[in-house]
Amino acid sequence: MRDISRPFATDDNLERHIRCQEALQFAFLDLIAAAVAVGWNEREAIVAVLDLADNHMLALAANDGMSALLDALKKAPRRSSR
């Protein structure tokens, strides 16, 4: 797999998303080519990558939600246990 370049744009740069796509493009194409080389067709390999990305994003969102809930619980006043 090819090397992925480091970001050179700041987090608030409007082109950062596009630059990330450019950095990942050849590694993505290599991944798809590797899948095709072992017998998967290009479309199903791409759909698999999309599903993996979607599932990973959902997991990140769930983790963010859990972190926010735990932070809120830590800040909540404790009840007395009389």
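## One turn along helix α1

R19 and E22 sit three residues apart in helix α1 (residues 16–37), so about one helical turn separates them. Their side chains meet in a salt bridge, with 2.9 Å from N to O. This is a predicted model, so keep that in mind for everything below.

R19 has another partner too: the side chains of E15 and R19 form a salt bridge at 2.7 Å, N to O. Through shared partners, the salt bridges tie E15, R19 and E22 into one network. How exposed is R19? At 27% relative accessibility, R19 counts as partly exposed. E15 is partly exposed at 43% relative accessibility, and E22 is also listed as partly exposed, at 43%.

## The remaining salt bridge

How many salt bridges turn up in a search of the whole structure? There are three. Besides the two that involve R19, there is one between R16 and D11, whose closest N and O atoms are 3.3 Å apart. Side chains of opposite charge can pair when their charged atoms come close.

Is D11 buried or exposed? D11 counts as exposed, because its relative accessibility is 67% and the cut-off for exposed is over 50%. R16 is partly exposed, with a relative accessible area of 27%.

L69 is partly exposed, at 47% relative accessibility.

## The chain as a whole

What does the secondary structure come to? The chain has two helices and zero strands. Its radius of gyration is 20 Å, whereas a compact globule of 82 residues would have one near 12 Å. Along the principal axes, the C-alpha trace spans about 70 × 35 × 20 Å.

As for charge, the chain carries 10 positive and 12 negative side chains. How far apart are the centres of the two sets? They lie 16 Å apart.

Notes:
Residues numbered from 1 in each chain as written. Predicted model: local features only at pLDDT ≥ 70, side-chain atom pairs only at ≥ 80, totals over all residues. Heavy atoms only, no water. Helix = DSSP H or I, 4+ residues; strand = E, 2+ residues; numbered from the N terminus. Rg over C-alpha atoms; globule rule 2.2 N^0.38 Å. Lys, Arg positive; Asp, Glu negative; His and termini not counted. Charge placed at Lys NZ, Arg CZ, Asp CG, Glu CD. Buried < 20%, exposed > 50% of the residue type's maximum accessible area, 1.4 Å probe, protein only. Salt bridge = Lys/Arg side-chain N within 4 Å of Asp/Glu carboxyl O.
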